[in-house]
Amino acid sequence: MPGLNVRFTDEELEALRERAEAESTSMQVIAHDAVVRAISERARLFEAAAAHVLQVSDELNQRLA
């Protein structure tokens, strides 16, 4: 599986370490899940915006017809 090196400040790394320990998981899992959530959220927001535009366009087109 391809990997990615990510740099953190000492404070960020310590916070990540504490979070992983609190959740009884690895720092890699915490970081991976955060990136996947960010990617998914961007896609969800785009899809919601596109659906809104289509709805508004459809209503406008019906009124203009």
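This is a predicted model: local features need pLDDT of at least 70, side-chain atom pairs count only at pLDDT 80 or more; totals for chains, interfaces and linings use all residues.
Local features required pLDDT of at least 70 and side-chain atom pairs pLDDT 80 or more, whereas totals for chains, interfaces and linings use all residues. Residues are numbered from 1 along each chain as its sequence is written, and side-chain values use heavy atoms, with hydrogens and water left out.

Helix H1 (10-22) and helix H2 (27-64) are DSSP runs of H or I with at least four residues, numbered from the N terminus. H1 comprises 13 residues and reaches 18 Å from its first C-alpha to its last, close to the expected 18 Å (1.5 Å times one less than the number of residues). Just after H1, Ser24 adopts a positive phi of about 50 degrees.

The axes of H1 and H2 come within 8 Å and cross at roughly 105 degrees (lines fitted to C-alpha atoms over the stretch in contact, with angles from 0 to 180 degrees between N-to-C directions). H1 is therefore roughly perpendicular to H2 (65 to 115 degrees). Contact (heavy atoms within 4.5 Å) involves Leu13, Leu16, Arg17, Arg19 and Ala20 of H1 and Met27, Ile30 and Ala31 of H2.

The largest pocket holds about 470 Å³ of space, the volume filled by probe spheres set on grid points joined across faces, edges and corners. A pocket is an open set of points on a 1 Å grid over the protein atoms alone, where a 1.4 Å probe fits, with protein on both sides within 12 Å along at least five of seven lines; lining residues have an atom within 4 Å of a point. Of its 16 lining residues, Leu4, Val6, Gln28, Ala31 and His32 lie nearest the centre. H2 gives the most to this lining, with 7 residues.

Key: Helices (H or I, at least four residues) and strands (E, at least two) are DSSP runs, numbered from the N terminus. Angles under 35 degrees count as roughly parallel, over 145 as roughly antiparallel, 65 to 115 as roughly perpendicular and the rest as oblique.
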